[in-house]
Amino acid sequence: GIRQALRDATLQRTTHKNAATARKTHNNAAVASERYLTQRLDHYDASLKNASFQQRYFVNSTWYKGTGPVFLCVGGEGPALDESVVSRSVHCSDATELAPQVGALIVALEHRYYGKSVPPSSERGAQRLRHLTSHQAVADIAGFHKHISDEFKLPSTTKWIAFGGSYPGMVAGFSRLRLPHLIHAAVSSSAPWHAKVDMTEYNDRVGAALANGAVGGSEQCQKIVVDGHARIKSLLESSRLQRLSLAKLFNFCNPLALENAQTRRAWAGYGVVSVPAQSNEPASTDPGQSIGALCSVLLAANASSSVDALATLSARQRGGRCVDASLSRNFEDDGSDALSWPWQTCAEFGFYQTCEVGSQCPFARGYVSVADEISICSQFGLTADVVAANVAFSNQVYGGARPQGSRILFPNGDVDPWTGLGVLRSPAPTEPVMLVVGASHHAWTHPAE
C-alpha cells in the first residue's frame with residue numbers, strides 16, 4: 001500500500017544505490033554522461049512561461065554512427081536513475097542490449113519531481129506538486145526530443161523508440177499516443193494503463209502467484225497463507241491473551257503492539273509475511289525474494305498449524321530480527337520526491353491495493369480498505385470523490401485498457417500483480433500484446449544475465 005511504500009522508500013533507495021555502485025557494468029558505461037536541460041515548469045500555462053527547472057538526463061552514444069534510431073528510456077517513480085541507466089540497469093536493459101545491433105543512440109530522461117529533477121520550491125503539498133502530472137511528463141519528452149535532436153544534429157528521419165517499465169512504461173506509451181509525430185514506437189512494459197481507485201486485482205494476483213507452479217508455487221502453499229491469515233484475523237479479534245500470544249509467536253519488538261487496532265489491521269492486512277510476486281526472483285533461494293523458496297519453507301515447516309508455518313516463514317524472512325510494527329503517522333512534505341508518487345496516485349491513477357472481504361487477497365480480508373489507502377490524499381486537500389474523478393479522467397484521456405494508438409507493444413508477466421490492470425488484449429492491429437509466463441514486474445527490462 002501507499003503507507004508501506006513510504007515506510008520502505010528510504011531503505012529501498014539506499015539498497016538500489018548500493019547495488020548500482022557494486023554492480024558490474026559493461027565497458028560502454030564509461031561513456032555514459034549525466035547532463036541537464038532547462039524545461040518549462042508548466043508547458044500549458046503561458047503566464048508561467050518564465051518558470052523553469054533543470055531536468056536530468058543521460059546519454060550513451062557508443063554505438064551511434066549518425067544514422068541509427070534513438071532509444072529513449074523513460075524515467076519514473078522507481079529506483080533513482082544514474083549513469084547505468086543507459087548501459088545496464090533494471091530500467092531499460094531491453095533497450096541497451098538491443099542498441100549495438102541497430103546502432104542506436106541511447107538517452108534516458110528523468111521524470112520531473114523525481115531524483116535530481118525536483119523543481120526547487122518554498123511551497124509544500126499540492127501547491128508544490130501541482131505541476132507533477134503525466135501530461136507534463138509527456139510534454140517534457142517533446143522538449144527533450146528537440147533538445148537531443150539539436151544537440152546531436154539528428155536527421156529529420158531519425159526514429160525514436162520509447163521504452164519503460166511500470167509507470168515509465170505507461171509514459172512511454174503515452175508519448176507514442178500523444179506525440180506520434182515525434183515518437184515512432186513504444187515498448188510499454190508491465191504498464192497498468194487502466195487506472196483504478198480500488199485495485200483488488202493486485203492482491204488477487206499475489207494470491208494466484210502462490211499457486212503458480214511455473215515459479216514454484218502450489219495450491220497447498222496458497223492454502224497455508226490464506227488459511228493462516230484467516231486464523232490470525234480471528235485470533236486478533238478474539239482476546240487480549242490471543243493477541244499477546246501472536247506477538248510472542250511472531251517475535252514483535254513491542255509485545256503490546258497488537259493492542260493497537262490500526263497496527264493489527266496493517267500487520268495482517270498487508271501480510272504477516274512478504275510475498276514477492278512483483279519482484280519474484282525464480283533463481284533465488286531467499287524466501288523473501290522467491291515464491292518457490294517461500295513455498296518450500298512453508299511446506300517444510302512441519303508445523304501444527306498454518307499460523308505456526310507463517311511464523312516460521314516470518315522468522316526466516318526477517319533473519320531473526322523482531323517485527324517492528326510501528327506506524328508512521330505523518331508524511332511531511334520536505335521538498336524532496338518522497339510524496340511525488342502518492343500525489344500522482346491521488347491526482348491521476350489511484351492504484352490503491354486493498355484486501356477486502358469477497359476478494360481473493362491471500363491476507364486478512366477486510367483489513368485494508370479503499371478508505372484506508374485513499375486517506376493519504378486528504379493531506380493534499382483531495383477528497384475520495386475528487387480522486388475518483390481524477391482517475392476516471394485519466395482513463396478518458398489515455399484509453400484505459402483499450403488505448404487506440406499504433407506501434408505500441410504491451411508485454412506483461414503472468415506473475416506480476418500489476419498485470420491485472422495492464423493491456424492484455426490487443427486494442428488494434430499495430431498494438432500487439434505479450435504475456436510472459438513465469439515473469440514478474442517488467443523482468444525483461446533487467447539485465448539478461
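Among contacts in the protein chain of this predicted model between residues at least 6 apart in sequence, 71% join residues at least 24 apart. The chain comprises 14 helices and 10 strands, and its C-alpha trace spans about 70 × 45 × 40 Å along the principal axes. For 449 residues a compact globule would have a radius of gyration near 22 Å, with which the 23 Å of the protein chain agrees. Of these 449 residues, 52% count as buried, while the chain exposes about 19,200 Å², of which carbon and sulfur atoms supply 52%.

With regard to charge, the mean positions of the 40 positive and 38 negative charges are 1 Å apart, and a search of the whole structure finds 12 salt bridges. In one of these, R56 pairs with E34, the closest N and O atoms being 2.9 Å apart; because R56 lies in strand β2 (residues 52-60) and E34 in strand β1 (residues 33-40), the pair ties together parts that are 22 residues apart in sequence. R56 is buried, at 4% relative accessible area, whereas E34 counts as partly exposed at 31%.

A salt bridge between D333 and R128, with closest N and O atoms 2.8 Å apart, links distant parts of the chain, 205 residues apart, D333 being in the loop between α11 (306-318) and α12 (340-349) and R128 in helix α3 (residues 126-129). D333 counts as buried at 15% relative accessibility, and R128 is buried at 2%.

E259 and R243 likewise form a salt bridge, the closest N and O atoms being 3.0 Å apart; E259 is partly exposed at 28% relative accessible area, and R243 counts as buried at 13%. Salt bridges that share partners also join E34, R56 and E110 into one network.

Key. Residues are numbered from 1 along each chain as its sequence is written. This is a predicted model: local features need pLDDT of at least 70, side-chain atom pairs count only at pLDDT 80 or more; totals for chains, interfaces and linings use all residues. Side-chain values use heavy atoms; hydrogens and water are left out. Helices (H or I, at least four residues) and strands (E, at least two) are DSSP runs, numbered from the N terminus. The radius of gyration is taken over C-alpha atoms; the globule rule is 2.2 Å times the number of residues to the power 0.38. Buried means under 20% relative accessible area, exposed over 50%, partly exposed in between (1.4 Å probe, protein chains only). Contact means heavy atoms within 4.5 Å. Accessible areas come from the Shrake-Rupley method with a 1.4 Å probe; for residues, only the protein chains shown count as cover. Lys and Arg count as positive and Asp and Glu as negative; His and the chain ends are not counted. The place of a charge is taken as NZ of Lys, CZ of Arg, CG of Asp or CD of Glu. A salt bridge is a side-chain nitrogen of Lys or Arg within 4 Å of a carboxyl oxygen of Asp or Glu.
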